[in-house]
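Let's take a walk through a protein model together.

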Amino acid sequence: MTPLHYFGGAIRDAMTAVPMIWVRALFVGLLLALLAWVLCLPRGRVTPPGAADAEARGWSSNLKLWAALALGLQIAIYLIF
Amino acid sequence: METQLATLDYLILAVYLIGTVALGLAIGWKFKTGEDFFLAGRTLPWWAIGMSLVASDIGGTDIIGVGGAAYKFGLAVANFEWIGCVPAMIVAAFVFVPVFWRTGVYTIPEFMERRFNAGMRAALAFCWLIFMACNLGIMLFASAKMLHGLLDWSPAWCVWLTAALVGVYTFAGGLKAVVYTDVVQCAVMIGGCLMILVLGLADLGGWGGMMEKIHALGERTAHHGDLLVPADRDSPFVWPGILFGLALVLSPAYWIGNQAIVQRSLGAKSQFQAQAAYVWGALLKVLIPILVAIPGLIALAKFPDLADADGAFPALVSKLLPTGLRGLFLAAFVAALMSSVDSYLNAAATLVTNDFYRRWFRPGADDRRLLVVGRNVTVILMAWAIGFAFVVKWMDESGKASGIYAIFQTLMAFFSGPALATILCGFLWRRATGAGALAGFLCGVAVSVGLFVLDRWHGAFGMEPLFRIPEPFLYFSLWAFVSALVVTGIVSLLTKPEPPEKTAFLDGGGADA
């Protein structure tokens with residue numbers, strides 16, 4: 001056994017000790033944090049340049065909504081399975 | 001695993017193949033410049049790029065392999081498409097892709113020279129080129145082996161056929177042909193896998209009926225419906241590897257730093273379309289595991305005693321699909337094979353032409369010259385890939401290729417972690433220097449190679465294995481990433497800061513959006 005093995009073993013033991021309910025919370029929490037970040041993005045970064053163009057296309061040209069949909073589906077999946 | 005096909009099935013397959021090549025040729029005949037060939041003249045729409053991103057990511061080997069892994073290890077394999085893709089694609093869409101597009105670069109290594117130095121560009125381009133050149137041969141051989149299994153055609157003939165079909169339209173149409181044929185391939189692939197899913201679930205009485213049958217198989221399949229696997233389980237998909245190795249390192253490295261992936265967004269009509277493509281791709285990615293992983297579970301419920309897990313998908317094709325639909329599924333499978341090979345072929349040609357020929361040998365080469373060089377390089381790379389595929393075939397037949405696929409999977413993990421570390425430093429830390437990035441990248445690669453050698457040949461060093469899971473490439477990439485990050489930080493602080501123009505892109509600099 002080398003120091004690398006002891007180091008790896010300690011990390012593995014620590015990971016094994018984490019209850020799976022916390023693991024699920026970690027996965028879902030990360031996705032929720034990302035969703036919150038997406039929802040806070042300024043309009044200029046998620047819509048086409050040119051306000052008139054963006055307004056003409058309406059909500060469908062707002063990437064924030066589609067990204068939130070993808071992340072929302074991910075959150076649902078990681079909560080269910 | 002041979003699948004019985006009728007004349008109608010072959011006819012459908014032939015129509016699909018001829019149609020794909022004709023589409024590629026029709027796209028490429030009026031190209032005049034290198035920008036047309038490498039970046040599709042920056043005319044690509046978001047919907048085509050998004051579908052191409054997904055098609056390129058899912059190869060034929062993935063359809064068979066993911067189905068097989070789901071059969072063997074359960075739903076946990078779907079992590080590779082869900083948390084292993086969607087978050088990274090969303091972050092890429094809003095943070096990295098806009099900058100890449102605005103700066104007007106052809107390749108990621110070119111971007112790394114603008115941010116850092118020529119050494120960083122050369123090192124990254126060299127690593128990607130070696131990987132892509134080897135991977136092209138491996139993909140051709142793996143594809144031929146699977147076609148041989150499904151159709152009983154000679155593997156050598158399958159290598160020539162796949163190479164000729166992909167080579168012709170990639171040579172003629174460059175990135176544009178790759179993307180638009182990928183659109184067709186993505187649609188056919190989704191349609192083909194959807195048929196299997198719907199017919200399979202209907203046959204088993206829905207999701208509940210399927211899981212009931214799987215749980216009745218006993219302890220070995222008791223957790224097949226779980227997405228998250230405890231750290232002490234004998235599975236390659238335990239949660240620490242999935243979270244820290246895949247979701248936080250390999251996945252961002254792939255979606256942000258892989259030339260074969262990012263290149264199509266550089267060919268978008270506008271910065272917004274490049275971003276929209278990634279978001280659209282992320283939405284499609286939510287669907288993919290349902291189409292490729294769940295059929296593995298269906299196969300487990302229907303055929304629990306298959307000797308080879310990779311036979312799960314072909315078994316379903318044989319038993320579930322009627323004549324005609326089998327041909328359509330086969331077209332979907334071939335579509336998946338071709339969409340991955342064409343992407344890597346075009347990306348490798350772009351790297352050689354842009355990061356070696358134009359950067360080091362002919363800096364003044366005009367755009368028409370670059371088109372000729374790009375096409376010639378495509379031919380040379382395809383010839384190399386065919387040759388390498390036959391070398392792999394020979395090694396496989398003589399029993400010398402044990403673990404060669406895993407080695408090449410691991411090869412990407414060697415440098416993608418360090419590459420991500422340097423890209424992140426370049427974006428998020430103005431104090432990061434070229435010397436720091438190069439030192440960090442090289443150190444990261446050395447760490448991952450060192451871990452691989454110590455783990456794989458541990459007996460020669462009189463040691464126990466370093467990792468307790470099979471093929472621990474997720475962990476190689478994680479530690480390589482951490483090492484590269486630390487070394488980049490230390491060396492950057494010890495060297496002279498870069499001039500402000502190197503980080504101007506962080507303030508919105510670059511070509512007009």
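In H15(B), 29 of the 37 residues are buried, so this helix is largely enclosed by the rest of the structure. Buried here means under 20% relative accessible area, with exposed over 50% and partly exposed in between (1.4 Å probe, protein chains only). Helix H15 covers residues 325-361 of chain B and reaches 51 Å from its first C-alpha to its last, close to the 54 Å expected at 1.5 Å a residue. That expected span is 1.5 Å times one less than the number of residues.

A word on the ground rules. This is a predicted model, where local features need pLDDT of at least 70 and side-chain atom pairs count only at pLDDT 80 or more, while totals for chains, interfaces and linings use all residues. Residues are numbered from 1 along each chain as its sequence is written, chains are lettered from A and ligands numbered from 1 in the order in which they are written, and side-chain values use heavy atoms, leaving out hydrogens and water.

Now zoom out. Chain B has 19 helices and zero strands; these are DSSP runs numbered from the N terminus (helices: H or I, at least four residues; strands: E, at least two). Of its 513 residues, 63% count as buried.

B:Phe94 counts as buried because its relative accessibility is 2%. Setting aside residues up to four places away in sequence, B:Phe94 touches several residues, including A:Trp37, A:Leu41, B:Gln275 and B:Val279, where contact means heavy atoms within 4.5 Å.
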